[in-house]
Amino acid sequence: MSAGNVLIVCGKSEVAGSMESTLIKEGYHPVNCAHSANEARRQFFMVQPDLIIVSTPLPDEQGIDFVFDAYEKTSAGIIVMARPEQVSHMQDALESTGAMILPKPLNRLTLIQSARFALSVRSSMVQLRSERDNLKKRMDERKIIEQAKWLLVEKLNMSEPEAFRYIQKKAMDLRLPQLQVAEDIIKEYA
């Protein structure tokens, strides 16, 4: 199983190395490590991670700002490991990011299960965003076609069905998408 790119952000090299070897043994590849928030931010653009695991606090910041940056600049699933006394604060602060907040230390099984879950959620979110974007595009196209149809009704005194049929027929005759025909009508009559 290749999970895509995993980015581990942890100030402690031995902890990062342990997580890295655990994930590699489970088939995750490639696994990259960053030892500070700034180093990880630089890797966003080179690595394009599918999963980000953050062990807080980081040497150069608490980690909250970094998680917000990761949320805004990537579509990665995010796991945040925090000290037990910080978990509640982190959950409150990072609620809008959908990051999974877990208390330290994580055992091997919890790390693997959390990684799988975060990637599963990420996959679902990517699919939902794609479907949302597709629906939005289709609705925007439909609005343009409707606008062109009503211009034909207004300017050429066509009935609504006649105007729609006109757009359909012209698109077929010219072998163009209805959207392009509608845009041409809007340019001509608006």
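Helices and strands are taken here as DSSP runs numbered from the N terminus, and in this predicted model Thr-56 falls in the loop that links β3 (51-55) to α3 (64-73). Because its relative accessibility is 1%, Thr-56 counts as buried, the cut-off for that class being under 20%. Beyond its neighbours up to four places away in sequence, Thr-56 touches Gln-62, Gly-63, Val-80, Met-81, Ala-82, Met-90 and Lys-104. The C-alpha atom of Thr-56 is separated by 52 Å from that of Pro-177, which is 121 residues apart from Thr-56 along the chain.

The largest nonpolar core has 22 residues, of which Val-9, Ile-52, Phe-66, Val-67 and Val-80 touch the most other members. Two or more residues are given to this core by each of β1 (6-10), α2 (37-47), β3, α3, β4 (77-82) and α4 (87-94), and the largest share, four residues, comes from α3. When neighbours within four places in sequence are left aside, Val-67 is in contact with Val-54, Ile-78, Val-80, Leu-94, Thr-97 and Ala-99. A second, separate core comprises 19 residues, including Cys-33, Ile-79, Leu-111 and Leu-119.

Helix packing was examined for α1 (residues 13-25) and α5 (residues 108-156), whose axes lie 11 Å apart and meet at an angle of about 65°; the crossing of α1 and α5 is right-handed. On the α1 side the contact is made by Met-19, Thr-22 and Leu-23, and on the α5 side by Arg-108, Leu-111, Ile-112 and Ala-115. Grouped by class, the residues in the contact of α1 with α5 are five nonpolar, one polar and one charged.

How values were computed: Residues are numbered from 1 along each chain as its sequence is written. This is a predicted model: local features need pLDDT of at least 70, side-chain atom pairs count only at pLDDT 80 or more; totals for chains, interfaces and linings use all residues. Side-chain values use heavy atoms; hydrogens and water are left out. Buried means under 20% relative accessible area, exposed over 50%, partly exposed in between (1.4 Å probe, protein chains only). Contact means heavy atoms within 4.5 Å. Axes are lines fitted to C-alpha atoms, for helices over the stretch in contact, and angles run from 0 to 180 degrees between N-to-C directions. A crossing is left-handed if the near helix is turned anticlockwise from the far one by less than a right angle, and right-handed if clockwise. Ala, Val, Leu, Ile, Met, Phe, Trp, Tyr, Cys and Pro count as nonpolar, Asp, Glu, Lys and Arg as charged, and the others, Gly among them, as polar. A nonpolar core is a set of buried Ala, Val, Leu, Ile, Met, Phe, Trp, Tyr and Cys residues joined through side-chain atoms within 4.5 Å.
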